[in-house]
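Biologist: I am new to this structure and would like to learn how to read it. Could we go through it together, feature by feature?

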Amino acid sequence: MTYPFDPDNTPSVGELALEDRAALRRVAGLSTELADISEVEYRQLRLERVVLVGVWTDGTSADADNSLAELAALAETAGSEVLEGLIQRRNKPDASTYIGSGKALELRETVLATGADTVICDGELSPAQLNSLEKVVKVKVIDRTALILDIFAQHATSREGKAQVSLAQMEYMLPRLRGWGESMSRQAGGRAGGAGGGVGTRGPGETKIETDRRRIRERMSKLRREIKDMKKIRDTQRHSRRASDAPSVAIVGYTNAGKSSLLNALTGAGVLVQNALFATLEPTTRRGQLDDGRPFTLTDTVGFVRHLPTQLVEAFRSTLEEVVDADLLVHVVDGADADPLAQINAVRKVVGEVVAEYDVAAPRELLVVNKIDAAGDLALAHLRRALPDAVFVSAHTGEGLDRLRLRMCELVEPTDAAVDVTIPYDRGDLVARVHAEGRVEATEHTADGTRIKGWVPMALAASLGEFVTA
């Protein structure tokens, strides 16, 4: 199918072709259905079988296909089997069924033909949209936000991570609670019930769905208190790291861009590395050493994604504070991705929101294009032109890591200075300060005093200027 507009520009509403609006277009290459196995084996291996559907409102055809391909990767990460991917061209999502009533019926036919048990929509649907679409397709319908929350729930391992995910899920779930049939309809208590309500409709008046809402709100309040308490522990750990005067570097980037691999390559941390979306949910901090000998801390943060649910940004706020406090952000980009520039924009948007909320200056950013061993030469040439200040590396092969370490050393401003001083014996107070505030590498007792080599804070280095060893 051809489209009567420049694919490099976002079309205006008037440029949308009638045939585009009418077509529920299949996206090839998304199916992960198992093949060449017996029916018995198939039943044993059967996962949740899903059909994906998206609404293409702006951008190019490639943009829409990339978004649905990412949704397919998210679905596979959640353990689902993708059977079909469909895109509907519209000015905006339908207020009732997301894709329109006619296309919803077509989607129902696709569900029947493929044997799918779930439909995943590439966007955040309102409670009414979810309800209306489920009534038409007659299988479970979830949206992109619920899918991402499900992945986070599977991957969270720490107590704080599990609490954060639970809170995000409940914030998403609360407005979407709905009952089926008359047994779940609202009851009115006391006089509000009136005489016309009939037997059984008068009394206390709290239905099961209202009880569920109340319990969820109580659980959310408890989780917020727990996260607040855990935040105090994280703040204490972060403040102790800051007190050591070691520069703080945070690795940020799109999910599955290779952040954990880069952490391992730079520090030998040995953290989990997996070719999956959102493999890292718990921030990991390791110590390393810059080329000039200065120690630094390197923190691996949770990956971002386009349309990251606001509930997750809120719940993971204590984790994202690692970004705010950093002296340098190492922004990792997947050079082998179909649209790395869109990844950069998505990450910068989330980082900008977090920084703006704390009303602080944004840390310096070092762009690092990773996975150059897996990217094509033409794609890399395009990225080198688009990102002239970026460092191109492969955490897998080690290519470009020396250049990366050099750039990190240049961009991380010194917080201390190297000293070689001989302090007179009657200035024991200064010797004590050097040991307390600095890092002593060597000590020697001479005729003139105590000779110390090491690193001390800038202010202390200035005080020691008159004692520099000749």
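This is a predicted model: local features need pLDDT of at least 70, side-chain atom pairs count only at pLDDT 80 or more; totals for chains, interfaces and linings use all residues.

Biologist: In which sense do strand 9 and strand 10 pair?

Modeller: Strands of a sheet pair through backbone hydrogen bonds, either parallel or antiparallel. Here strand 9 (residues 328-334) and strand 10 (residues 364-370) pair in the parallel sense over seven bridges; strands are DSSP runs of E with at least two residues, numbered from the N terminus, and two of them pair if DSSP finds at least two bridges between them.

Biologist: What is the order of the six strands in the open sheet?

Modeller: The order is 7-8-6-9-10-11, with mixed pairing. Strand 7 (284-289) and strand 11 (391-392) stand at the edges, each with a single partner strand, so one side of each is left without a neighbour in the sheet.

Biologist: Which residues have the most contacts inside the largest nonpolar core?

Modeller: In soluble globular proteins, nonpolar side chains tend to be buried together. A nonpolar core is a set of buried Ala, Val, Leu, Ile, Met, Phe, Trp, Tyr and Cys residues joined through side-chain atoms within 4.5 Å, where buried means under 20% relative accessible area (1.4 Å probe, protein chains only). The largest has 62 residues, and those with the most contacts inside it are L52, L107, V119, C121, L133 and F304. A second, separate core of 23 residues includes V332, V368, M408 and L411.

Key: Residues are numbered from 1 along each chain as its sequence is written. Side-chain values use heavy atoms; hydrogens and water are left out. Helices (H or I, at least four residues) and strands (E, at least two) are DSSP runs, numbered from the N terminus. Buried means under 20% relative accessible area, exposed over 50%, partly exposed in between (1.4 Å probe, protein chains only).
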